[in-house]
Amino acid sequence: MRFEGTKTYVTTEELNAGVNAAITLQRPLLVKGEPGTGKTILAAEIAGALDAPLIEWHVKSTTKAQHGLYEYDAVARLRDGQLGDERVNEISNYILPGKLWQAFVHEQRPVLLIDEIDKADIEFPNDLLLELDRMEFHVYETKETIRAVHRPVIIITSNNEKELPDAFLRRCFFH
């Protein structure tokens, strides 16, 4: 299937080519532009056109790449241990899957939106390089590797607030 815009989202030939290339070659599409120009909506429109689930990761200035993989809730485990809860014996009870994890294990090929990547720390994009290339990551607490069942369609948006690292840019299609 080729993306050619939708009834509610008018696109250019260049944008259609970028979206279709990213889908076909299974590489992230980086969409840069001014705030309010429809970059975030594009991911929803692509998901609708492909009849695919949309997983949205809205990046903030405090967001770390690790948050997209998973978080280990050590405080909850400590609290449960103090209360004598049996859950404390299984560390996986305290692993909270992030948006990348959710996209990797989805039973259907999802569209993953990484929204406003330029809001995060400058190292954020570089910290995701390996996971986006290999489509897998290791959970150290449980000694398991999470691998993508289906390589998600990845749409990354940027408001051009700061420059993104060259190594990251080389791995993306750009519009």
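Below is a working chat about the predicted model of this chain.

Biologist: What box do the C-alpha atoms fill?

Modeller: Roughly 60 × 35 × 25 Å, along the principal axes.

Biologist: And how much of the chain is buried?

Modeller: Buried residues are 45% of the 175 residues. On contacts, take pairs at least 6 apart in sequence: 75% of those contacts join residues at least 24 apart.

Biologist: Sheet next. What is the strand order in the open sheet of five strands?

Modeller: S2-S5-S8-S1-S9, with parallel pairing.

Biologist: Which strands are at the edges?

Modeller: S2 and S9, the latter being residues 173–174. Each of them pairs on one side only.

Biologist: How many bridges hold S1 and S9?

Modeller: Two bridges, in the parallel sense. S1 covers residues 29–32. Leucine 30 stands opposite phenylalanine 174 of S9.

Biologist: Which strands does helix H2 touch?

Modeller: H2, residues 39–50, packs on the sheet and touches S1, S2, S5 and S8. The direction of H2 makes about 175° with that of S5.

Biologist: Now the hydrophobic side. How many residues are in the largest nonpolar core?

Modeller: The largest nonpolar core has 29 residues. Those with the most contacts inside it are Leu100, Ile114, Phe124, Phe137, Ile156 and Phe168.

Biologist: Which elements give two or more residues to this core?

Modeller: Strands S2 (54–58), S5 (111–115), S6 (136–139) and S8 (153–158) do. Helices H3 (65–69), H5 (99–105) and H7 (129–134) do as well. H5 gives the most, with four residues.

Biologist: What does leucine 100 touch, leaving out residues up to four places away in sequence?

Modeller: Trp57, Gly68, Leu69, Leu112, Leu128 and Leu132.

Biologist: Aromatics. How many aromatic pairs in the whole structure?

Modeller: A search finds five. One of them is phenylalanine 104 with phenylalanine 137. That pair is tilted, at 5.9 Å centre to centre and 40° between the planes.

Biologist: Where do phenylalanine 104 and phenylalanine 137 sit in the chain?

Modeller: Phenylalanine 104 is in helix H5, and phenylalanine 137 is in strand S6. They are 33 residues apart, and the pair links distant parts of the chain.

Biologist: Is each of them buried or exposed?

Modeller: Buried. Phenylalanine 104 has a relative accessible area of 0%. Phenylalanine 137 is at 4%, so it counts as buried because that is under the 20% limit.

Biologist: Which arginines lie over rings?

Modeller: Arginine 27 lies over the face of phenylalanine 173, at 4.7 Å from the ring centre. Arginine 87 has its charged end over the ring of tyrosine 94, 5.1 Å from the centre.

Biologist: Back to strands. How many bridges join S6 to S7?

Modeller: Four, and the two strands run antiparallel. S7 is residues 144–147. Valine 139 stands opposite glutamate 144 in S7.

Biologist: How many residues lie between the strands in that hairpin?

Modeller: Four. Lysine 143 in this hairpin takes a positive phi near 60°.

Biologist: What about phi at methionine 135?

Modeller: Methionine 135 has a positive phi of about 60°, although it is not a glycine. Methionine 135 lies in the loop between H7 and S6. At 6% relative accessibility, methionine 135 is buried.

Biologist: And asparagine 160, where is that?

Modeller: In the loop between S8 and helix H8 (166–169). Asparagine 160 also has a positive phi, of about 65°. At 41% relative accessibility, asparagine 160 is partly exposed.

Biologist: Last one. Which helix holds alanine 74?

Modeller: Helix H4, residues 74–83. Alanine 74 is partly exposed, at 38% relative accessible area. Alanine 74 and isoleucine 91 are 17 residues apart in sequence and 9.2 Å apart in space, C-alpha to C-alpha.

Notes. Residues numbered from 1 in each chain as written. Predicted model: local features only at pLDDT ≥ 70, side-chain atom pairs only at ≥ 80, totals over all residues. Heavy atoms only, no water. Core = buried A, V, L, I, M, F, W, Y, C linked by side-chain atoms within 4.5 Å. Buried < 20%, exposed > 50% of the residue type's maximum accessible area, 1.4 Å probe, protein only. Contact = heavy atoms within 4.5 Å. Pairing = 2+ DSSP bridges. Axes fitted to C-alpha atoms, helices over the stretch in contact; angles between N-to-C directions. Phe/Tyr/Trp six-rings, centres within 6.5 Å; stacked < 30°, edge-to-face > 60°. Lys NZ or Arg CZ within 6 Å of the ring centre and 35° of its normal.
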